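Thank you all for coming; I would like to walk you slowly through one structure this morning.

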Amino acid sequence: MNLNFDDFQQLDLKFDINKLQEAYKEVIKIKNFESPEEVTNFGAISLTQIPGDPESIKGHKARGVFWTKPDASGEEVSRDVSIEEDKYSEFIEDFKNTYFKEVFDSLTKKYKLGRVRILLKQPRSTLSWHRDPEPRLHIPIITNPGCIMVIDNVAKHMPADGSCWITNNTKYHNFFNGGEENRIHLVACVLNHKFN
């Protein structure tokens, strides 16, 4: 069986990995990762918000709606709250002096983005098997060989070398960190990109 990696598209953009890692260190001095209270193994720091609305990045809005098949029935259910992604256009003031602002400006010249977040996947942890409303742009910042994304039945490691990827999160997928350090990605919802 030949594996098809079409759901992982590497872009012709590349950023400075050292500057990305330095910007991450700056951000975590300002803000900690957030997640809804009852949700484990998920952490987000939002870099964008609805203009003038700091509530738009709190609680369940840090995660947002997704669909999953939680049990043996295979029946799909919806989880969390719907997000109006196209409204998340304001880069948060606290982070404007970091390299992430330059990255954001470059990305928004090419793509219509929704929420832009730094996402944490803790060591030896996984997401649920789920699908999202739109594709996601990933820039790995800290990773290890045990960090793998699986879309349908195809697994891929995305290295932390400044590369950008768009992944087809509208299909069922998962992300797991099999390593012993945090996996950190910049992740943006992409509103104007379609997979075939």
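What you see is a predicted model, in which local features need pLDDT of at least 70 and side-chain atom pairs count only at pLDDT 80 or more, while totals for chains, interfaces and linings use all residues. Residues are numbered from 1 along each chain as its sequence is written, and side-chain values use heavy atoms, with hydrogens and water left out.

Helices (H or I, at least four residues) and strands (E, at least two) are DSSP runs, numbered from the N terminus. In helix 2, the buried residues, meaning those under 20% relative accessible area, where exposed is over 50% and partly exposed lies in between (1.4 Å probe, protein chains only), are Tyr99, Phe100, Val103, Phe104 and Leu107. Because they cover an arc of only 140 degrees around the axis, taken from the directions from the helix axis to the C-beta atoms, they sit on the same side of helix 2.

Helix 2 also holds Asp105 and Lys101, four residues apart, about one turn of the helix, and their side chains meet in a salt bridge at 2.8 Å, N to O; the term means a side-chain nitrogen of Lys or Arg within 4 Å of a carboxyl oxygen of Asp or Glu. Asp105 is partly exposed at 29%, and Lys101 is partly exposed at 21%.

How many salt bridges are there by this rule? The count comes to 13. Arg63 forms one with Asp80, the closest N and O atoms being 2.6 Å apart, and this pair links distant parts of the chain, 17 residues apart. Finally, Asp7, Asp152 and Lys171 are linked in a network of salt bridges.
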